[in-house]
Amino acid sequence: MAAAAWERFVGHRWLPKAAVVVLAAVLVAAFLLVRSERRDAHNAGVLETACGGVLPREAVRGLLPGDETWKLRSDLDLTGPSGRGPRTLVRCSLDWGEYGGLELAAVPVLDVPLRGVRPGDILSAGTAKEPDWATAYRTATTQVTVGCPAGLLGYPRPVTRFRVHASLNHDDGSEAAGAAKELGTVVTAVADHVRDRGGCGGPAVKPSDVRPGPGRVTEDSDGVPRACRWFRPGMLDGEKGDPAGPDADGVTSDDADACSLSVRRTKPENRYDLTAGVSSVSWRGPLLPEARTAYGAELAALSPAPEPKSGEKSYVLAVWAESSCSGARTLSRVRVETAVSALAADRADRVLDAYLASSDCRAVKVLGKVWK
């Protein structure tokens, strides 16, 4: 009977072929299922070990393609006590395909030593060449600078800050759109890991502290430095064109920012009134005491600053203010130089207001003015 059934099955016009197709489909499905389970197990293992196992797994899993095999290209965790401070505290890279990847690093903030705190000193320090590992955060998808009040061990000078930055790219090499918010959770977890392992102390990092890399929001085709973008030529009746003039020079750092620029006057009032100059500087954190010392005589001379006598070729008016900028106590100075004293006297307050408003400064207290 079985033999008869087999003969009928073999002799059927299409049933044997259909059976072969079904069997092949089952085998392929089983193979894909096994491969998928192995890939998922491999990827789970990668997440457990990457960056010392501190990555929030659900957040990272949601960022990476589930149908790809992830590869841990590099992994380093040196946040424990050591005799010598590493230039990289944490580093890991998860790659897939040809170009896709999640790159994350935590690095110490090693400030370029300043010769002083005056604008010229800050601007000259801004021209110092920094290594690539120290500047990678500028073009990262997202980053955060974290205070470490107790200091990181193993450095010749006190290191009281570190940065964590992360970038996510598709397999074609393009940046993953909308990834910054999701990466914020990952960056926060790694930052707190470094804080805890390094014995930093201070407040925990919040996802709201994480920001895009500054190079992604400040680099424009006009080439105006970030520290000078607040200025408009019309503030001093300057010629339209470059927003901060062709000679703008600016530096932005964690503890200070400085800008120096000049504009051509549209309607000169005398033969010396061809240009007007502005410099701005703000100090925060550890630079505040040094700034008060360096400018002690000028701060002691602050007053309502009556307009000086006429007849000079150039007039310089400095205006000082204290405020809270982005939550940090800040001391700011704006210097206006013109050939017309009335212009400096009339516009200095407005120039200061524009400068502080650009940095989201609140609780502003104008300390006074002084003619130089």
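Is Cys 200 buried or exposed? Select Cys 200 and take a look: this residue is buried, with a relative accessible area of 1%. Here, buried means under 20% relative accessible area, exposed means over 50%, and partly exposed is in between, using a 1.4 Å probe and protein chains only.

Before moving on, a word about what is on your screen. This is a predicted model, in which local features need pLDDT of at least 70 and side-chain atom pairs count only at pLDDT 80 or more, while totals for chains, interfaces and linings use all residues. Residues are numbered from 1 along each chain as its sequence is written, and side-chain values use heavy atoms, with hydrogens and water left out.

**Stop one: the disulfides**

The link of Cys 148 and Cys 200 is left-handed, with -85° about the S-S bond. Cys 148 sits in the loop between β4 (142-147) and β5 (161-169), and Cys 200 in the loop between α6 (179-198) and α7 (214-218), so the pair ties together parts that are 52 residues apart in sequence. Helices (H or I, at least four residues) and strands (E, at least two) are DSSP runs, numbered from the N terminus. Cys 148 is also buried, at a relative accessible area of 0%.

Next, select Cys 228 and Cys 259, which a disulfide joins with an S to S distance of 2.1 Å. This link is right-handed, with 120° about the S-S bond. Cys 228 lies in the loop between α7 and β6 while Cys 259 lies in strand β7, so the parts tied together are 31 residues apart in sequence. Cys 228 is buried, with a relative accessible area of 0%, and Cys 259 counts as buried at 1%.

Now go to Cys 325 and Cys 361, whose disulfide has an S to S distance of 1.9 Å. The torsion about their S-S bond is about 105°, so this disulfide is right-handed. Cys 325 belongs to strand β9 (residues 315-325) and Cys 361 to strand β11 (residues 361-371), so the pair ties together parts 36 residues apart in sequence. Both Cys 325 and Cys 361 are buried.

Two strands pair if DSSP finds at least two bridges between them. A hairpin of three residues leads from β6 to β7. Click on Val 251 and you will find its bridge partner in β7, Ala 258.

β7 and β8 pair in the antiparallel sense over nine bridges, and Ala 256 stands opposite Trp 283 in β8.

**Stop three: Arg 284**

Select Arg 284, found in strand β8 (residues 275-284). Arg 284 counts as buried, at 12% relative accessibility. What joins the side chains of Arg 284 and Asp 257? Look for a polar contact of 3.1 Å. Such a contact is a pair of N or O atoms within 3.5 Å; within protein, one must be able to donate a hydrogen and the other to accept it, and residues adjacent in sequence count only if both atoms are side-chain atoms.

**Last stop: Ala 44**

Finish in helix α2 (residues 15-49), where Ala 44 lies. Ala 44 is partly exposed, with a relative accessible area of 26%.

Conventions. Disulfide = S-S within 2.5 Å.
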